[in-house]
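Here's a friendly walk through one model, meant for someone meeting it for the first time. Have a look at the picture, then read on.

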Amino acid sequence: MVTDPIADLLTRIRNANSAELEALEVPASRIKANIVKVMKAEGYIRNFRLINVHGKHVIRVYLKRDDRGKKVLRNLQRVSRPGRRVYVNVDSLPKTLNGAGTVIISTPKGVMTTHEAKRQRVGGEVLCTVW
């Protein structure tokens, strides 16, 4: 059993990206599905599918390359961990690389980027940064 499933998701994506794989599979959960949904909307991954493999629900994540075959996803970092939760209010929403990256947060209105959270005027737990 994994103690931090979000860190496991990010590590699997990071490793598959480094190995230049086309796709990877991770055990499914609602929070993981919402994170990859945000990553797809922001253009960091090509697509994802929720599938059933041998009676287990998994998320198949398809990684993305640019026109020259370079990796679109440069880095993923877990911010809030089980031992140290990081919460922010709407007035202190963080930025990554002066706005060039994406910060994904979990709010009462769902998992979203800090840009969307600022638009909706909500704060929450900072899950990870992506660039």
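Start with Thr102 and its surroundings: beyond residues up to four places away in sequence, Thr102 touches Glu42, Tyr44, Thr96, Thr113, Cys128, Thr129 and Val130. Keep in mind that you're looking at a predicted model. Thr102 sits in strand 6 and counts as buried because its relative accessibility is 4%, below the 20% cut-off. The side chain of Thr102 also makes a polar contact of 3.0 Å with the side chain of Tyr44.

Leaving out neighbours within four places in sequence, Thr129 is in contact with Asn75, Leu76, Gln77, Val79, Thr96, Thr102 and Val103. So which residues turn up around Thr102, and which around Thr129? Thr96 is on the list for Thr102, and Thr96 is on the list for Thr129 as well.

Is strand 6 largely enclosed or largely open? Five of its six residues are buried, so strand 6 is largely enclosed by the rest of the structure.

Strand 6 has a partner in strand 8, and the two run antiparallel over five bridges. To find one of these pairings, look for Ser106, whose bridge partner in strand 8 is Glu125. Strand 6 also pairs with strand 7, which covers residues 110-113; four bridges join these two, again in the antiparallel sense. Here Thr107 has Gly110 of strand 7 as its bridge partner. Strands 6 and 7 make a hairpin, with two residues between them.

As a bit of background, side chains in a regular strand alternate between the two faces of the sheet.

**The nonpolar cores**

Next up are the greasy parts. The largest nonpolar core has 25 residues, and the members touching the most other members are Ile13, Ile35, Val36, Met39 and Ile104. Several elements each supply at least two residues of this core: helix 1 (5-18), strand 1 (23-27), helix 2 (30-41), strand 2 (45-53), strand 3 (56-63) and strand 8 (124-130).

What does Ile13 touch, once residues up to four places away in sequence are set aside? Its contacts are Leu24, Val36, Met39, Leu63, Leu73 and Leu76. There is also a second, separate core, made of ten residues, including Val86, Val88, Val90 and Val103.

**Salt bridges**

How many salt bridges does a search of the whole structure find? The count is eight, and here are some of them.

| Salt bridge | N to O distance |
|---|---|
| Arg78 and Asp4 | 3.1 Å |
| Arg12 and Asp8 | 3.0 Å |
| Glu22 and Arg46 | 3.5 Å |

The Arg78 and Asp4 pair links distant parts of the chain: Arg78 is in strand 4 (residues 76-78), Asp4 is in the segment before helix 1, and they are 74 residues apart. Both Arg78 and Asp4 are buried.

Arg12 is partly exposed at 34% relative accessibility, while Asp8 counts as buried at 18%.

Glu22 and Arg46 are the last pair in the table. Glu22 is exposed, with a relative accessible area of 57%, whereas Arg46 is partly exposed at 44%.

Most residues other than glycine have a negative phi. Leu97, though not a glycine, has a positive phi of about 50 degrees. You'll find Leu97 in the loop between strand 5 (87-88) and strand 6 (102-107). Is Leu97 buried or exposed? Its relative accessibility is 51%, so Leu97 counts as exposed, the cut-off being over 50%.

Arg121 also has a positive phi, near 60 degrees, and is a residue other than glycine. Arg121 is in the loop between helix 3 (114-120) and strand 8. With a relative accessibility of 54%, Arg121 counts as exposed.

Technical notes
Residues are numbered from 1 along each chain as its sequence is written. This is a predicted model: local features need pLDDT of at least 70, side-chain atom pairs count only at pLDDT 80 or more; totals for chains, interfaces and linings use all residues. Side-chain values use heavy atoms; hydrogens and water are left out. A nonpolar core is a set of buried Ala, Val, Leu, Ile, Met, Phe, Trp, Tyr and Cys residues joined through side-chain atoms within 4.5 Å. Buried means under 20% relative accessible area, exposed over 50%, partly exposed in between (1.4 Å probe, protein chains only). Contact means heavy atoms within 4.5 Å. A polar contact is a pair of N or O atoms within 3.5 Å; within protein, one must be able to donate a hydrogen and the other to accept it, and residues adjacent in sequence count only if both atoms are side-chain atoms. Two strands pair if DSSP finds at least two bridges between them. A salt bridge is a side-chain nitrogen of Lys or Arg within 4 Å of a carboxyl oxygen of Asp or Glu.
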